[in-house]
Every structure is written in structure tokens, then in C-alpha cells.
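Dear colleague,

Please read them with the model open beside you.

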Amino acid sequence: MIQIKTLEEIEIMRESALVVSKTLGMLAKEVKPGVTTLQLDKLAEDFIRSEGAIPGFLGLYDFPNTLCMSPNAQVVHGFPTNEPLVEGDIISIDCGAFKNNFYGDHAYTFEVGEVAPDTKKLLEVTKQSLYEGIKELKAGNRVGDVGFAIQNYAEKHGYGVVRELVGHGLGRKMHEDPEMPNYGKRGRGKKLINGMVVAIEPMINMGTHKINQLKDGWTILTRDGKPSAHFEHDVAIVDGRPELLSTFQYIYDALGIVSNEEDTFRA
Ligand code: MG
Ligand code: MG
């Protein structure tokens, strides 16, 4: 059942999302060659707790860490490790926080030093596919309209859209109804209405959409070993329109990036 949120609850959720946004902004300065993902995980856990929140993934379905850390050909759900990042890597960092009984959950794929131009393009297209999906998150539209927009944009660039993992409703639980696939058909699926809050999170592969799961039961990898990117925002439907609860602005401030990509999705 879809849990519709009041405007008050949406404001509380904005705070939870903001904890994650600030955590990712803090990490943006730390992502560089030589750092290990376990070091970043520790920084994130301390930061989230200092914000009066609890790491949202730690212990969830028995996940042992604060962050999902998925470098290069890993799609999502990778574990932090003692392996240092190297120049040219990409690292998808997915972060959750629980505060005032609500979850925030969003993700960003970072470049480690200078990355190859085709990898850079994968990141740009994946992030834009997220915004193409968010544009369709309007009251009266359907879940399939969002998925279609993401898939259409990514596939136009020749990329593979992961099928097995999807976005989701967000609230008092990390994963609520409805599922928000990153593929779909226009006009199909559940109807979108005011008060819905969802995490939209395209996982886009440079090559095939097909994936494998490691025997650890978590880590998802591209089947062809090519890179994969993951960007995720928390979005509410307010007054019929999509409104971002999360923001990448802290990341951009840390990296000196100027962007107006979020402007149309502000309150
Ligand atoms: Mg996430
Ligand atoms: Mg999510």
C-alpha cells in the first residue's frame, strides 16, 4: 500500500534527505586516489551521527556498513573495502539516514581524479536520465511514465538499463510501495498522486543491461565488466509537481561545480 505523506511529514523527510545530501557533500572532498572505501564509510557514519541521525543502511537487511560502495563495474550494493581507489575509477556511493522516524536515501557516482571521456559521458547521461524521470513525476501521470522517460533517454545513448533493481517509495520505511522501475511503458502502472514520496534511482550500464550478483549475496556487477553509474534523488509530489527533497548542491559546492539542474524541482 502506498503511504501518502502530509506536508508536515514531507518537511520532516526533507531533513532526513538533507542529512544524506550533506554527507555526500562531505565525502565529495575525500574521494581521491589512495583513499579506501572503508575510510569513507567511517567518515560517513560519524558525520551522520553528528547530525542527530542514524545510518539508514547499517543493519538494514543485515547490511554491515553505512554506505553502499560500488566502484566501476559494480552496479549497486557493493561493500566498503580496504582497497584504495585509483585515478580513473568511478565510485557509486549510496547513503541512507534515519532521522525523526523517516528515511533519506540518495546516491551519487563520483569521479576519482581524471576519468576517461566515455566514462564521464556515462555519468552525465545517467544523471540526466534521473532528471528526465523526475520531470514525469507529476500527479495524474503513472509509474510507467517515469520509467519510460529514464529508459528512453539512457537507451538513446546506447546504454543498458538495469532491470532487476528499481527505485521505491520512501518514508518510515526505507522501501515502501510503489516500486519505481527505471524502464516502462507510458501510461502504465500505478497512478501518481500528491503526497507520494519516492526515491528515483537509475542504474545505467555502459554496455549490456545484464547483471550478475556475487556470492556475497549483495554485490551487483555488470555482466560484461563495463562501468555502471547510479544517481538517486528523493522526490515528493506537491501541488501536482515533483519537488526535490535531496540535493547534490553540497557535492557541487565541494567540487566547485556550477549547476542549475535542480532549479525547476525546488519548492
Ligand atoms: Mg539509495
Ligand atoms: Mg533507494
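The magnesium ion (ligand 1) is held on the protein side by D94 (OD), D94 (OD), D105 (OD) and E232 (OE), which lie 2.0 to 2.5 Å from it; donors here are N, O and S atoms within 2.8 Å of the metal (3.2 Å for Na, K and Ca), and since water is not among the atoms, sites may look incomplete. Please keep in mind that this is a predicted model, in which local features need pLDDT of at least 70 and side-chain atom pairs count only at pLDDT 80 or more, while totals for chains, interfaces and linings use all residues. Residues are numbered from 1 along each chain as its sequence is written, chains are lettered from A and ligands numbered from 1 in the order in which they are written, and side-chain values use heavy atoms, with hydrogens and water left out.

Along the chain, the donors of the magnesium ion (ligand 1) follow the spacing D-x10-D-x126-E. D105 lies in strand 5 (residues 102-111), whereas E232 sits in the loop between strand 13 (228-230) and strand 14 (233-238), so the pair ties together parts that are 127 residues apart in sequence. Helices (H or I, at least four residues) and strands (E, at least two) are DSSP runs, numbered from the N terminus. Both D105 and E232 are buried, where buried means under 20% relative accessible area, exposed means over 50%, and partly exposed is in between (1.4 Å probe, protein chains only).

The magnesium ion (ligand 1) and the magnesium ion (ligand 2) are 3.1 Å apart, with D105 coordinating both.

Turning to the fold, the protein has five helices and 15 strands. Its radius of gyration is 17 Å, close to the 18 Å that the globule rule gives for 267 residues, so the protein is as compact as a globular protein of that length; the radius is taken over C-alpha atoms, and the rule is 2.2 Å times the number of residues to the power 0.38. The C-alpha trace spans about 45 × 40 × 40 Å along its principal axes, and 55% of the 267 residues count as buried. Among contacts (heavy atoms within 4.5 Å) with a separation of 6 or more, 70% are made by residues 24 or more positions apart.

The accessible surface of the protein comes to about 11,300 Å², of which 50% belongs to carbon and sulfur atoms; these areas come from the Shrake-Rupley method with a 1.4 Å probe, and for residues only the protein chains shown count as cover.

Some individual residues may also be of interest. V125, in helix 3 (residues 117-135), counts as buried at 4% relative accessibility. Not counting residues up to four places away in sequence, V125 touches Y153, A154, H157 and Y159, and the C-alpha atoms of V125 and E155, which are 30 residues apart along the chain, are separated by 9.9 Å.

As for the backbone, a cis peptide bond joins D177 and P178, with omega at about -5 degrees, and P178 is found in strand 8 (residues 176-180). D62 is not a glycine, yet it has a positive phi of about 70 degrees; D62 is placed in the loop between strand 1 (54-55) and strand 2 (67-71) and is exposed, with a relative accessible area of 68%. N101 likewise has a positive phi, near 70 degrees, in a residue other than glycine; N101 is found in the loop between strand 4 (90-99) and strand 5, and is exposed with a relative accessible area of 51%.

Finally, N260 is found in the segment after helix 5 (249-255) and is exposed, its relative accessible area being 56%. N260 and Q249 are 11 residues apart in sequence, and 9.4 Å apart in space, C-alpha to C-alpha.
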